[in-house]
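Welcome! Take a moment to look at the sequence and the 3D view, and then follow the tour below.

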There are 2 protein chains.
Amino acid sequence: MTDPVVNRLIEALRVLPGIGQKSAQRMAFHLLQHDRNGAVRLAQSLLQAVDEIGHCERCHTFSRDRICATCLDPTRDARMLCVVETPADQAALERTGSYRGLYFVLAGALSPLDGVGMHDIGVTRLLERANDGVVDEVVLATNFTAEGEVTAHVLSEQLRQRGVRVTRLARGVPVGSELEYVDLGTIAHALMDRR
Amino acid sequence: MTDPVVNRLIEALRVLPGIGQKSAQRMAFHLLQHDRNGAVRLAQSLLQAVDEIGHCERCHTFSRDRICATCLDPTRDARMLCVVETPADQAALERTGSYRGLYFVLAGALSPLDGVGMHDIGVTRLLERANDGVVDEVVLATNFTAEGEVTAHVLSEQLRQRGVRVTRLARGVPVGSELEYVDLGTIAHALMDRR
């Protein structure tokens, strides 16, 4: 019943992750009724980001420049290279303020069942990058999901074969949690990796 | 740490209702990493909708034309006028397939505490519209919230003063529900309005 132009907007909003038909309709109606300026700003930001944002040639995070600001930062410790699955994971690590090395952003994690192999996530580029003669330690910070663990395992084998020192983010009990409510696998790991 | 262009996109995505900082970041990263074509389509749809979609002069729903397709439809029963708060409510009524009259879309509901009065939601235009000599019955389909009920009450007084027949959507037990779990106010109304 709605106008085809409105319907096209509702359809287009469904590219957003986690947004179904109902939320998309609510968003479209909200923008048209209450925030047309916001809608125009959003459209312009989308076009500008798609146009200007590419990937850093060294670490493959999002960047407008050929080499991103983090890679060019001389105060960063170039001997450490932290491997993450996405720029979002990199952002989370940066917010902790406790890492001062460089990054390498994979294009996701290995997932053989979905046909995502070593080549798709950029393992070759990582191996080259880790062998630049400066990198001394690679910190694997892929997710602690099945895919992330497989990826970490494969990367660590490949890197160790090439003589690179590899570490993995510690598994353990999250800060602020009560043991009673922590899952058993996590407690078992925390016991094994006690220090 | 992220590029200002990406940050601007994250900020811009927050105009969407129900989207906070974290979801906006996830959306921005997802679009840039996995669906740049979708992002461009979304931007174009937003611009087209903002540019082309206005309000129907008769019923004030979203429309590209001066008068919307529903108002122009000769198979619709022009003697019935259904009053809703938003185009989304109109869409919900249309999907039932059980209403064949015309609509009048208010710009929301009365909310004296937020300073939203009769003029803001277009009551004067509704009163004119209902007095066109053809409308025989006005069905009040504002929401069954505090604001929607107040709006229905005020509208029904104003319309009755002008000699218009006014009805309200029935209150009662929702289809498929068990009495044990229905709230008491609803059961009380269903008892009163039994038929």
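## Q33(A) and its contacts

Which residues does Q33(A) touch, once its neighbours within four places in sequence are left aside? The contacts are H55(B), F62(B) and P87(B). Q33(A) itself belongs to helix α2 of chain A. With a relative accessible area of 24%, Q33(A) is partly exposed. Please keep in mind, here and below, that this is a predicted model.

## Aromatic pairs

F62(B) comes back when we turn to aromatic rings. Such a pair of rings is described by the distance of the centres and the angle of the planes. Over all chains, the whole structure holds 4 aromatic pairs. One of them is formed by F29(A) and F62(B), which sit 5.5 Å apart centre to centre with 55 degrees between the planes, a tilted arrangement. This pair joins two chains, because F29(A) is found in helix α2 (residues 21-34) of chain A and F62(B) in strand β2 (residues 62-63) of chain B.

Another pair lies within chain B: the ring centres of Y99(B) and Y103(B) are 5.2 Å apart. The planes of Y99(B) and Y103(B) meet at 65 degrees, so this pair is edge-to-face; the cut-off for that label is an angle over 60 degrees. Y99(B) is buried at a relative accessible area of 11%, and Y103(B) is buried at 1%.

## An arginine over a ring

In chain A, R168(A) lies over the face of F144(A), 4.0 Å from the ring centre. In chain B, R168(B) lies over the face of F144(B), at 4.0 Å from the ring centre.

## How the two chains are related

## Cysteines and the zinc finger region

In its unreviewed entry, UniProt places a feature called "zinc finger region: C4-type" at residues 56-71 of chain A. Over residues 56-71, chain A is 19% helix and 12% strand, and the end C-alpha atoms are 8 Å apart.

C68(A) is in no disulfide either; the nearest cysteine sulfur is that of C59(A), at 3.7 Å. C56(A) is buried, with a relative accessible area of 0%, and C68(A) counts as buried at 4%.

## Helix α5 and its surroundings

Helix α5 of chain A spans residues 87-96. Its buried residues are P87(A), D89(A), Q90(A), A91(A), L93(A) and E94(A). What do these buried residues pack against? In chain A, they pack against β2 (62-63), α4 (69-72), β3 (77-84) and β4 (101-105). From chain B, α2 (21-34) joins the list. Just after α5(A) comes G97(A), which takes a positive phi of about 70 degrees.

## The Toprim domain and a loop residue

UniProt, again in an unreviewed entry, gives the annotation "domain: Toprim" for residues 79-174 of chain A. Over residues 79-174, chain A is 35% helix and 20% strand, with the end C-alpha atoms 28 Å apart.

Where is A107(A) placed? A107(A) is in the loop between β4 and α6 (123-130) of chain A. A107(A) is partly exposed, with a relative accessible area of 41%. Leaving aside neighbours within four places in sequence, A107(A) is in contact with E85(A), D120(A) and I121(A). The C-alpha atoms of A107(A) and H60(A) are separated by 8.3 Å, while the two residues are 47 residues apart along the chain.

Note on methods
Residues are numbered from 1 along each chain as its sequence is written. Chains are lettered from A and ligands numbered from 1 in the order in which they are written. This is a predicted model: local features need pLDDT of at least 70, side-chain atom pairs count only at pLDDT 80 or more; totals for chains, interfaces and linings use all residues. Side-chain values use heavy atoms; hydrogens and water are left out. Buried means under 20% relative accessible area, exposed over 50%, partly exposed in between (1.4 Å probe, protein chains only). A disulfide is a pair of cysteine sulfur atoms within 2.5 Å. Rings of Phe, Tyr and Trp (its six-membered ring) pair if their centres lie within 6.5 Å; planes under 30 degrees apart count as stacked, over 60 as edge-to-face and the rest as tilted. Helices (H or I, at least four residues) and strands (E, at least two) are DSSP runs, numbered from the N terminus. A charge sits over a ring if NZ of Lys or CZ of Arg is within 6 Å of the ring centre and within 35 degrees of the ring normal. UniProt positions are given in the numbering used here, feature names are shortened, and annotations may be inferred rather than shown by experiment. Contact means heavy atoms within 4.5 Å.
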